Amino acid sequence: MNRGFYAIIAAATLTLAGASAPNAADLPKSTQKVLTELKVDPSLMNGLEAELNVPKAWIDGAAKEEQVVILGTWPNRQFRTMAAPFRERYPNVKLNYHRSGTRARGLNVVIALKEGRVIGDVITSFADSIIPFKNMKALADLSDLPGLNNVPADYVSPDKTWVSHKISYRCLGFNTKSIQRADLPTNWDDLLTNERLRNGQLAVTNHPNSWLLGLWHLKGEKWGENFITRLFQDVRPQQRKEGMSAATALTVAGEFTANLPAPEWQIRRYMDKGAPVQVICPEPVPITVSPIAMLNNSPNKNGARLFINWILSREGQLLQYYKSYVIPAHKDLDQPRFNSVFDLVKGRKKSVRDDALLGSEIHKKMLKMWNANWTNPVGKGRKKKGRKKKKKQ
């Protein structure tokens, strides 16, 4: 097909979009800059006006509020760039962002609430603190946000108190000089019998919550127990103390053939630099969601609503993707351009793990068995049988 054909299609698409198609010149300058740098057609923003169509009372109310305190995981520099269009759209809304650790985003907030204090308005990725949050009914209902319609139902809590602002696939990274894709497992049971990944050729980091927990929940306790036993007894992977990113870097360096789990966004960066690494996603494909929520007792609910709704919009999702490669949760951005494993996972069964599983009975059972094998794997830490040493005379 020639360029003329694509131009006709593009023109027709814009015509059908009608009033929902924003004029590129009307977009915030920071958004225009990102569209240009990423070489993305402005038509991607079609529908943005409807996504940001919130009650005027929210905007007026937010201008009177002190500031929106956001506790999140974005690097500070990234947040400044990411939030630039928001500040252009809502110049009277003050954002006070803090990059925070898991405790600061969760347990510290819970303790403060019990003391009658609110130390954050918007919180992301609060891990197992979701349980006390729910018990305290601390999270606000977000069902009035237009942005909730942008995200698949699997990425929204049943009670609409949190919604995922990004997703992560937890797959295997592999060194393309050490193994070919055709020789890798296509499902998790195949991993247990794959001869090329045995005896230290597969590196596993101590992050079972990010991939195995969802599989255990989906496939059942019996499957999970068998998988852990055979992983440590038969496969005998290298047990690495590094984080996921560092282990992936070692796969690139050829320290081992593959690593689990591997951040797909990091592999994308290595691939862009020509490094000999790719990713493969056994089925069911593990997905972790990153929730964002607003506290019920927030004194800045209008501004908090505006920010959460914006980050769920196609503009917010694009700016979040910019330079980080994190996969958007927005349905219309579920495409190869923004998802490096799109073709690998399309049409395949998924295993979605949200934070509600953390701290559950399923989680406790899985961790108990995983930790027992991690600390005392077969062939390590076992007392060898043999002759007793003679006592010194």
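Tutor: Start with the cut-offs: a residue is buried under 20% relative accessible area, exposed over 50%, and partly exposed in between, with a 1.4 Å probe and protein chains only. This is a predicted model, in which local features need pLDDT of at least 70 and side-chain atom pairs count only at pLDDT 80 or more, while totals for chains, interfaces and linings use all residues. Residues are numbered from 1 along each chain as its sequence is written, and side-chain values use heavy atoms, without hydrogens and water.

Student: How many residues of the protein chain count as buried?

Tutor: 50% of its 393 residues. The protein chain has 18 helices and eleven strands; these are DSSP runs numbered from the N terminus (helices: H or I, at least four residues; strands: E, at least two).

Student: Which residues of helix H4 are buried?

Tutor: H4 spans residues 56–64, and Trp-58, Gly-61 and Ala-62 are buried there. Seen down the axis of H4, the buried residues fall within an arc of 100°, so they line one face of the helix. The arc is taken over directions from the helix axis to the C-beta atoms. An α-helix has 3.6 residues a turn, so residues three or four places apart point the same way.

Student: What is on the other side of H4?

Tutor: Lys-56 and Lys-64, both exposed.

Student: What covers the buried residues of H4?

Tutor: The cover includes helix H15 (301–312), where contact means heavy atoms within 4.5 Å. For the protein chain, among contacts between residues at least 6 apart in sequence, 77% join residues at least 24 apart.
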